[in-house]
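Have the structure open while you read.

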Amino acid sequence: MGLIFYSEKCMACGQCVEACPFGVLLLTGDTLIIGEGCNLCGACVEVCEVEALALPETAGPSPRPGVPPDGVWVFAEQRRGELAPVTAELLGEARRLADTLNVKVAAVLLGDGVAHLGDALLAAGAHKVYLAEHPRLQDFLEETYAAALTEMAQKFQPEIILAGATYLGRAFIPRVAAALKTGLTADCTAFGIDPEKRLLLQTRPAFGGNIMATIITPRTYPQMATARPGVFKHLAAAAAPTGEVVPVELMSLAKPPRSRFAGTVLEIKERVPLSAAEVIVAGGRGLKEAKNFKLLEELADLLGGAVGATRGAVDAGWIPYAHQIGQTGKTVSPKLYIAVGLSGATQHLVGMQSSDFIVAINKDPQAPIFQVADVGLVGDLFEIVPALIQEIRKDRNLAVSG
Ligand SMILES: Cc1cc2nc3c(=O)[nH]c(=O)nc-3n(C[C@H](O)[C@H](O)[C@H](O)COP(=O)(O)OP(=O)(O)OC[C@H]3O[C@@H](n4cnc5c(N)ncnc54)[C@H](O)[C@@H]3O)c2cc1C
């Protein structure tokens, strides 16, 4: 059963046409034409002041009778033809969500000369890749990318759209949500599904990281969220991926954008990128001064890892911001996280607590970091870390100092 229209009440004000996120309502004179793509999202019903529109009794926000949902979409972020790691992470998570909803996962790939990434996306968990290639998509322009993704969403009507909360995702995804007149939860660290109502449960830190808030988008479609890189686990790449790459022509690309791409300035990178490191040795204010980070660098080098830090250490000027882990820094989930002389404030924990194995070194047995640690060493870091370094060196037959 479709949207109910009471023509005798209609004032032909056109508000419903404006409110429709999918552009399927058309007003000709005082007749409202309800197009095929109506998914009973209810946006028109909400704005109609004279109650000329109603949803059928059985219609909840979803599943949408008559419209097979296009499932869970992941924006496939790529730069210069290389996929951002968050794309595979999100595809892994999207598969988990899609299985609960009994729908498929699609990756949306925008760019120019990026078709070669299609197989990698299928291997990472996508059932389907929507591919739009155009010279105007070669460099990232918020305006162009937003228009392209909006047009795709209007065309295929996904139930959920996920993107990385990277600089790129944060820059243009809000525009897409605004254009589709739907909600967006930024910077999520966990997702779930309410299977009865088919709602995406979008969890993110709120109020300075002191609580975790779970947010829903119950009345509009698609349900949209950006997710922190480094939080979700990617799937093991499929050896023989199946699925299809669907080339899509987009009308929005015919129009020249108002903004112009000027150039790229490459960011100064940390020694080993934190996001890719399997081992991280992170230090906090307990290190006392900048030069003591050398100790952590030595341990990290021996373990083939990277050095991280708390905001306390970064604010003290002991180590650059690129190393900061936590709510206002990076989110990481290495195999081994060694937390040295850091207390384990909530704002730090949200950035590292999904690490596989956590070792904490702190002289205060009450330090909150011990609550998330798999192994806790209570003692002075200036004794424990050099002793660890010595042991590793001995074990590997390397020169031992002292
Ligand atoms: C909005 C907001 C966002 C924030 N974002 C972040 C963020 O992204 N990342 C982040 O880390 N923080 C963030 N913070 C700051 C956070 O609240 C804490 O202040 C910070 O994490 C504390 O850093 P720390 O653990 O290094 O210092 P402290 O809390 O001072 O802890 C130092 C620890 O070192 C131990 N110690 C001292 N000497 C030794 C020794 N010799 N041997 C062993 N242990 C020793 C002490 O027992 C203590 O537990 C944010 C705060 C706010 C309000």
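Start in the loop between strand 17 (279–283) and helix 7, where you'll find Lys-288. Keep in mind that this is a predicted model. Lys-288 isn't a glycine, yet its phi is positive, near 75 degrees. With a relative accessible area of 52%, Lys-288 counts as exposed.

Pro-222 belongs to the loop between strand 14 (211–215) and strand 15.

Now for the inside. The largest nonpolar core has 33 residues, and Val-72, Leu-91, Leu-109, Leu-162, Phe-191 and Leu-200 make the most contacts within it. Several elements give two or more residues each, among them strand 5 (72–75), helix 3 (85–101), strand 8 (105–111) and strand 12 (190–194). Which element gives the largest share? That's helix 3, with seven residues. There is also a second, separate core of 26 residues, which includes Leu-110, Ala-148, Leu-168 and Leu-180.

Leaving out neighbours within four places in sequence, its contacts include Leu-97, Leu-162, Leu-200, Ala-225 and Phe-232, along with Glu-93 and Arg-96.

Helix 3 also holds Thr-87, which is buried, with a relative accessible area of 1%. Beyond residues up to four places away in sequence, Thr-87 touches Val-74, Phe-75, Ala-76, Glu-77 and Leu-121.

On to helix packing. Two packed helices are described by the angle between their axes and the distance between the axes. Here are two pairs:

| Helix pair | Crossing angle | Axis distance |
|---|---|---|
| Helix 7 (293–302) and helix 11 (381–395) | roughly 30 degrees | within 10 Å |
| Helix 5 (142–156) and helix 6 (167–179) | about 45 degrees | 9 Å |

Helix 5 is therefore oblique to helix 6, and the crossing is right-handed. On the helix 5 side, the residues involved are Glu-142, Glu-143, Tyr-145, Ala-146, Leu-149 and Thr-150, and they meet Ala-171, Phe-172, Ile-173, Arg-175, Val-176 and Ala-179 of helix 6. Sorted by class, that contact has eight nonpolar, one polar and three charged residues.

Helix 7 and helix 11, by contrast, are roughly parallel to each other, and they cross in a left-handed way. Helix 7 brings Leu-295, Glu-298, Leu-299 and Leu-302 to the contact, while residues from helix 11 include Leu-381, Phe-382, Val-385, Pro-386 and Arg-393. The tally here is ten nonpolar, no polar and two charged residues.

One last stop is Pro-386, which sits in helix 11. Pro-386 touches Leu-295 and Leu-381 once residues up to four places away in sequence are set aside. The C-alpha atoms of Pro-386 and Glu-298 are separated by 9.4 Å, although the two residues are 88 apart along the chain.

Methods: Residues are numbered from 1 along each chain as its sequence is written. This is a predicted model: local features need pLDDT of at least 70, side-chain atom pairs count only at pLDDT 80 or more; totals for chains, interfaces and linings use all residues. Side-chain values use heavy atoms; hydrogens and water are left out. Axes are lines fitted to C-alpha atoms, for helices over the stretch in contact, and angles run from 0 to 180 degrees between N-to-C directions. Helices (H or I, at least four residues) and strands (E, at least two) are DSSP runs, numbered from the N terminus. Angles under 35 degrees count as roughly parallel, over 145 as roughly antiparallel, 65 to 115 as roughly perpendicular and the rest as oblique. A crossing is left-handed if the near helix is turned anticlockwise from the far one by less than a right angle, and right-handed if clockwise. Contact means heavy atoms within 4.5 Å. Ala, Val, Leu, Ile, Met, Phe, Trp, Tyr, Cys and Pro count as nonpolar, Asp, Glu, Lys and Arg as charged, and the others, Gly among them, as polar. A nonpolar core is a set of buried Ala, Val, Leu, Ile, Met, Phe, Trp, Tyr and Cys residues joined through side-chain atoms within 4.5 Å. Buried means under 20% relative accessible area, exposed over 50%, partly exposed in between (1.4 Å probe, protein chains only).
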